[in-house]
Amino acid sequence: MSPQLPVPVRPPNPRVERAWYVLCTSRELGRRPLARQLYGVPLVLFRGAGGAAAALVDRCPHRNVPLSEGVVEGELLRCPYHGWRFDAAGRCKAIPGLAGEPDRAAHAALAHDVREQQGYVWVWGRAGEPGEGEPFRFRHADDPQYTVVRRKVSADASVHLVAENALDVPHTAFLHGGLFRSDADRKPIRCVVTREADRVACEYVGEARPSGLVGRLLSPSGGEVVHFDRFYLPSIVEVEYRIGAENHILVDAALTPVDDDRTDLYAVVALKSRIPGWLVRPLVTPVALRIFAQDQAILRKQVGTIQRFGGARFVSTEIDLVGPHILKLLLRAASGAPSPEQPSVREGTLLV
């Protein structure tokens, strides 16, 4: 009698709506309205009073025409259909041909709270309520001692799958063999995983310099490695390397859930090295983009397989250090369940 396999299920895709997400760069948001999407909801971004960034649900309350097809006049966004005009809070300030007062609750467009900092426009995930706290700040993004590279890339997968991929060390020797790590001469290292209420971090203790092309470019002479992988709610992934005394690289990416199976990554790479930044940038950037292209392709295949089989079957082992914790954090945040009061720490061993 053949064994009964578990019934495939759709992988959990928790929505953490009460949080800040990057919707565009400051440079992208000029005089024209900009269409974006968050958790499948169309939004329109524009600059209102004093050039401040604003975000509305991309639907005119009058006849459901996308406001992103309109124009900005002064500090108001004008609908392309009947010319209704809206301010940054979504209030209707003008209705052509109407003799009465336009500013009524029924005439208003739904608005999202917005923050603009470090060259990015962050939008609160729920319309009609003030955002809590402040968005994530990218360390060293404004530090003149670092060479900073910013990129936006996209992946056809959920925030959970993209975050897990970004912080998953075991796959790098195979998917990115030769570029980052190699499967040859792997050695055991100690891993310390710390989980807190809003984050999980893994420290890799005793790791040798990555043997691939990226490691050789950053530190030709080798050196002791300090390596951390971190995830911060709702969707920040961070990889940090210190190689020797002079080489420091910090990769932060803010993951934006466009919809359930598409994620935009706004990455900030900050590098300090004894090699001049102007020389490192053209050497490392194409390699990093090649690595991400490989991740894009494997994520697309992963999601495609899940869809063809009608669901997912995941089996984890003790070397899946960060991924399961990311999912637990997302599920708890999406449900609104209370967070554990005390951090948890566990140690393990990984061959790298």
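Predicted model: local features only at pLDDT ≥ 70, side-chain atom pairs only at ≥ 80, totals over all residues.
Local features need pLDDT of at least 70, side-chain atom pairs count only at pLDDT 80 or more, and totals for chains, interfaces and linings use all residues. Residues are numbered from 1 along each chain as its sequence is written, and side-chain values use heavy atoms, with hydrogens and water left out.

Strand S18 spans residues 262-272. Helices (H or I, at least four residues) and strands (E, at least two) are DSSP runs, numbered from the N terminus. Eight of the eleven residues of S18 are buried, so the strand is largely enclosed by the rest of the structure. Here buried means under 20% relative accessible area, exposed means over 50%, and partly exposed lies in between (1.4 Å probe, protein chains only). Strands of a sheet pair through backbone hydrogen bonds, either parallel or antiparallel. Two strands are taken to pair if DSSP finds at least two bridges between them. S18 pairs with strand S12 (residues 147-155) through nine bridges, and the two run antiparallel. Within this pairing, arginine 150 has valine 268 of S18 as its bridge partner. Strand S17 (residues 247-259) also pairs with S18 in the antiparallel sense, over eleven bridges. Leucine 265 in S18 stands opposite leucine 255. Two residues lie between S17 and S18, which form a hairpin.

An open sheet of four strands was also found, with the order S2-S3-S4-S9 and antiparallel pairing. Its edges are strand S2 (34-38) and strand S9 (111-112). Each has a single partner strand, so one side of each is left without a neighbour in the sheet. S9 is joined to strand S4 (residues 53-57) by two bridges, in antiparallel fashion. Here alanine 111 in S9 stands opposite leucine 56.

Aromatic contacts were examined next. A pair of aromatic rings is described by the distance of the centres and the angle of the planes. Rings of Phe, Tyr and Trp (its six-membered ring) pair if their centres lie within 6.5 Å; planes under 30 degrees apart count as stacked, over 60 as edge-to-face and the rest as tilted. The count by this rule is eight aromatic pairs. In one of them, the rings of tyrosine 120 and phenylalanine 138 have centres 5.4 Å apart and planes at 55°, so the pair is tilted. Tyrosine 120 lies in strand S11 (residues 120-124) and phenylalanine 138 in the loop between S11 and S12, so the pair ties together parts that are 18 residues apart in sequence. Both residues are buried. Phenylalanine 138 has a relative accessible area of 3%. The rings of phenylalanine 136 and phenylalanine 138 have centres 5.5 Å apart and planes at 80°, so this pair is edge-to-face. One aromatic cluster is formed by Tyr120, Trp122, Phe136, Phe138, Tyr232 and Tyr266.

The whole structure holds zero disulfides (pairs of cysteine sulfur atoms within 2.5 Å). For cysteine 60, the closest cysteine sulfur is 3.8 Å away in cysteine 79, too far for a bond. Cysteine 60 is buried, at 1% relative accessibility. For cysteine 92, the closest cysteine sulfur is that of cysteine 60, at 7.5 Å, again too far for a bond. Cysteine 92 is buried as well, with a relative accessible area of 0%.

Finally, leucine 279 is found in helix H4 (residues 277-308). Leucine 279 is partly exposed, with a relative accessible area of 36%.
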